[in-house]
Amino acid sequence: MAPVGRDPGQPELVRLVPGRQLVYSTHTCAAKVKDMLPARRALLEEALQEMESLVTVWVDGNDQALAVPDLEELLHLQPLLDVRRMTPDVEPWLPTDRYPVYRLGPQDAGAAPRAGFVGFPAGFMLDALCDLAVALSRGDVPASPLARDTLRQLERDVDVKILTSPG
Amino acid sequence: MRLSHAWALASSKLTVDAVELAQFPELSDRFHVNAVPTVIMRSGDRRATLAGALPEPMLLARLLQLSHGDQG
């Protein structure tokens, strides 16, 4: 497989470099990935079969960040998910040199990915990504009526960062 | 978190990133985080920080205020 390239104007399919050393092998993420194989993956694949259209997950981060095992798990879900690398408008303070940012959003032309995760264990992150991807593909985004009404009234763009933990 | 991500998929004016705080202790210092989750909303040069788990109506109201230019 070819190394990942970076071209903001022309996103490329993500490919891991064979033999790349994992950056943080002691991270909880590694254990989660180990637990996830292969039954976990089968569950995710089953969930993704419910998708009505292909959804793209955009991955951003430098080469070191892209060596994390959770990205490898995400790649195993291709072609059910379309995994691509791009350089979105990531905030400067978002530490994409250690962990990739995973974002998905509508596939309409010109739409930027809008829902993202950074630094979470693979199992949690993939669960959440797959849930959102299925909902998005079916046009069934789980926003409440109150939320939809409020969001229609937004005048300016808003960027939200949720600093949290998966527990 | 899933609530906010759903908002982001429902509105082209919203981007939502969830960050695993335990992996980025420097962000705790930078944003003076003393509760999880802490939500930071930004629109232009306006910013709001909301600490702790808050009900959806309260979060949406703050979002709307910020988008309309009210620091609150």
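Modeller: Strands (E, at least two residues) and helices (H or I, at least four) are DSSP runs numbered from the N terminus. This is a predicted model, in which local features need pLDDT of at least 70 and side-chain atom pairs count only at pLDDT 80 or more, whereas totals for chains, interfaces and linings use all residues. Residues are numbered from 1 along each chain as its sequence is written, and chains are lettered from A and ligands numbered from 1 in the order in which they are written.

Strand 3 of chain A pairs in the parallel sense with strand 2 (residues 56-60) of chain A over four bridges, two strands being paired if DSSP finds at least two bridges between them. Within this pairing, Val57(A) stands opposite Val83(A).

Val57(A) leads on to the largest nonpolar core, which has 54 residues, and in which Val57(A), Leu104(A), Met125(A), Leu129(A), Leu132(A), Ala133(A) and Trp7(B) touch the most other members. Such a core is a set of buried Ala, Val, Leu, Ile, Met, Phe, Trp, Tyr and Cys residues joined through C-beta atoms within 7 Å. Helix 4 of chain A gives the most to this core, with 10 residues. Leaving aside its neighbours within four places in sequence, Leu129(A) is in contact with Val57(A), Tyr102(A), Leu104(A) and Phe117(A), where contact means that the C-beta atoms, placed from the backbone, lie within 7 Å. In soluble globular proteins, nonpolar side chains tend to be buried together.

His5(B), in helix 1 of chain B, is buried with 29 other C-beta atoms within 10 Å, and, not counting residues up to four places away in sequence, His5(B) touches Ala115(A), Leu132(A) and Val16(B).

Taken as a whole, the boundary between the chains brings 40 residues of chain A into contact with 43 residues of chain B. On the side of chain A that touches chain B, the elements giving two or more residues are strand 5, helix 4, helix 5 and strand 6 of chain A, and strand 6 gives the most, with seven. Strand 6 of chain A also pairs with strand 2 (residues 38-43) of chain B in the antiparallel sense over five bridges, and in that strand Met41(B) is the bridge partner of Val160(A). Strand 2 of chain B pairs in turn with strand 3 (residues 46-51) of chain B, in the antiparallel sense and over six bridges; these two strands form a hairpin with two residues between them, and Gly44(B) in the turn has a positive phi of about 60°.

Helix 5 (residues 145-152) of chain A packs against helix 3 (residues 56-67) of chain B at an angle of about 5°, with their axes 10 Å apart. The contact is made by Leu146(A), Ala147(A) and Thr150(A) on helix 5 of chain A, and by Glu56(B), Pro57(B), Leu60(B), Leu63(B) and Leu64(B) on helix 3 of chain B. Axes are lines fitted to C-alpha atoms, for helices over the stretch in contact, and angles run from 0 to 180 degrees between N-to-C directions.

Note on methods. Two residues are in contact if their C-beta atoms, placed from the backbone, lie within 7 Å. A residue is buried if 20 or more other C-beta atoms lie within 10 Å of its own, exposed if 12 or fewer, and partly exposed in between; C-beta atoms are placed from the backbone.
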